Amino acid sequence: MASTNGHNLQAEFLDQVKSRLPDKVSFVDTLASILEISRGSAYRRLRGETVLSLDEAKKLCDLFGISLDAHFSSAANSSLFHHRALSTTYTMDRWLNSVVKNFTFFNSFEQKEIIFAARDMPLFQHFRLPELTAFKLFVWLKTVIKDPAYANRTFGFTVLPEETMKAAKKIWQLYSTTPTIEIWSDEAIHETLKQIEFYHECRFFADGQQPRLLCDKLVELIGWVKEDARQGKKMNGASYQLFENEILIANNTIYARMDKIRYVYINYNTLSLLTTQQSSFCDKTVSYLENLRKNSVLISTTAEKERNKFFNRMKERVEEVKARLT
C-alpha cells in the first residue's frame with residue numbers, strides 16, 4: 001500500500017485516519033496502540049519505510065469508519081461503493097445504530113455540511129413523532145425486509161421494541177442538531193401516504209382508527225417542518241435551508257462534507273445505501289445538487305407565499321387520503 005505510480009497511497013490513507021483524531025491526541029501513540037506495535041514501528045509506517053499490512057489497514061478502516069475506495073478508484077468514470085443493505089441478518093437495530101454512529105461522527109466536526117435531495121421526506125423527520133416512527137419501522141420490517149417475526153403481526157403503536165424506538169429517537173435528536181440543506185418536491189409525502197393506504201386495504205392495522213390518526217400525525221409533522229423552514233433553523237437550533245423543486249427528484253441523494261472528508265450516500269430499495277468517498281463522484285454529485293438547487297425555490301426564511309402554498313398542497317393531499325380511509 002506504500003505507493004503506486006509515484007503516488008503515496010499509504011501517506012494519504014494515514015492522513016485520513018489522522019483527520020479523525022482530536023488535534024491534541026498523539027497520532028503516533030494512537031497508531032502504535034491500535035496496531036499493537038512499538039512507537040518506532042509506528043513512525044516507520046508514517047514515513048512509508050514499512051508498508052501497512054492488509055490486516056492493519058482493515059483494523060484502521062473498521063475503527064475509524066474509513067473507506068479505501070477513494071484511494072483505489074481514481075479514474076473519473078470508475079467508483080467503488082460500500083454496499084449496506086437491510087436484511088434479516090443486517091438487522092433494523094444494527095442499521096439504526098449505524099446511523100446514530102454516523103451522525104455522532106459528523107457532528108464532531110466544526111466545519112460540516114449536508115445537502116439532501118429528497119425524493120421522499122427524509123426518514124429522520126418521521127422519527128420526530130413516535131406514532132410515525134413506529135409505523136415506518138413496522139412497514140420496513142414487515143413488508144420490505146420481510147422479517148419473520150413480523151410476518152403475521154398487525155400494526156400497533158407499541159409493536160416495536162423499546163430499544164428500537166429509543167434508537168430512532170436518538171437519530172432525530174442528532175439530526176435536529178445537524179445543519180442541513182434539503183431539496184424537496186411536494187411528492188415527498190407520497191410514499192408514506194401509499195403505505196398507510198396499502199396497510200388499510202390489507203387490514204394490517206390492529207385498530208381501525210390508526211390510519212386516520214397517522215394522517216393527523218403526518219399533518220402535524222408537516223406543520224413542524226414548515227415552522228423550521230420559516231425560522232431557517234431546526235428545533236434544536238441547527239441551520240435549515242429548504243428548497244422546493246417542482247420536478248420529481250429521482251432518488252434520495254445525500255452529500256456530506258466534514259472538513260476535508262466527503263461522502264455521498266445514495267438510497268435504493270427503501271433503506272439500502274450505496275456509499276462512496278471517490279473524489280470525482282463526489283465532485284459530480286456536488287455539481288448535480290448545485291444545479292438542482294439553482295432550479296429550485298428557497299422557501300426557508302423567505303418566500304412566505306410559496307412556502308405556504310407548498311405545505312398546503314401536502315396537507316390537502318393528506319386530507320384527501322384520510323377521507324378515503326373509511
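How many aromatic pairs does the count come to? The count comes to 20 aromatic pairs, where rings of Phe, Tyr and Trp (its six-membered ring) pair if their centres lie within 6.5 Å. Planes under 30 degrees apart count as stacked, over 60 as edge-to-face and the rest as tilted.

This is a predicted model: local features need pLDDT of at least 70, side-chain atom pairs count only at pLDDT 80 or more, and totals for chains, interfaces and linings use all residues. Residues are numbered from 1 along each chain as its sequence is written, and side-chain values use heavy atoms, with hydrogens and water left out.

**Aromatic pairs**

A pair of aromatic rings is described by the distance of the centres and the angle of the planes. Two of the pairs are set out here.

| Pair | Centre distance | Plane angle | Class |
|---|---|---|---|
| Phe124 and Tyr175 | 5.4 Å | 35° | tilted |
| Tyr199 and Phe204 | 5.0 Å | 75° | edge-to-face |

Phe124 belongs to helix α7 (residues 123-126) and Tyr175 to helix α9 (residues 162-175), so their pair ties together parts that are 51 residues apart in sequence. Helices (H or I, at least four residues) and strands (E, at least two) are DSSP runs, numbered from the N terminus. Phe124 and Tyr175 are both buried. Buried means under 20% relative accessible area, exposed over 50%, and partly exposed in between (1.4 Å probe, protein chains only).

In the other pair, Tyr199 counts as buried at 1% relative accessibility. Phe204 has 24% and counts as partly exposed. Tyr199 and Phe204 also belong to one aromatic cluster, with Phe135, Phe138, Tyr150, Phe155, Phe157, Phe198 and Phe205.

Charges sit over rings in both pairs. The criterion is NZ of Lys or CZ of Arg within 6 Å of the ring centre and within 35 degrees of the ring normal. Lys142 lies over the face of Phe204, 4.7 Å from the ring centre. The charged end of Lys234 is over the ring of Tyr175, at 3.5 Å from its centre.

Strand β5 (residues 253-258) has five of its six residues buried, so it is largely enclosed by the rest of the structure. Two strands pair if DSSP finds at least two bridges between them. β5 is joined by six bridges to strand β2 (residues 112-118), and the two run antiparallel. There, Ala256 in β5 is the bridge partner of Ile114. Six bridges also join β5 to β6, again antiparallel. The hairpin of β5 and β6 has two residues between the strands, and Asp259 takes a positive phi near 55° in it.

Which residue does Arg257 stand opposite in β6? Arg257 stands opposite Arg262, a residue of strand β6 (residues 261-268). The side chain of Arg262 makes a polar contact of 2.9 Å with that of Asp283, and it reaches the backbone oxygen of Ser279 at 3.2 Å. A polar contact is a pair of N or O atoms within 3.5 Å; within protein, one must be able to donate a hydrogen and the other to accept it, and residues adjacent in sequence count only if both atoms are side-chain atoms.

**Cores and chain**

A nonpolar core is a set of buried Ala, Val, Leu, Ile, Met, Phe, Trp, Tyr and Cys residues joined through side-chain atoms within 4.5 Å. The largest has 68 residues, and Phe127, Leu160, Trp184 and Phe311 have the most contacts inside it. Apart from it lies another core of 17 residues, including Leu14, Val28, Ala57 and Ile66.

The chain has 13 helices and eight strands. Of its 326 residues, 49% are buried.
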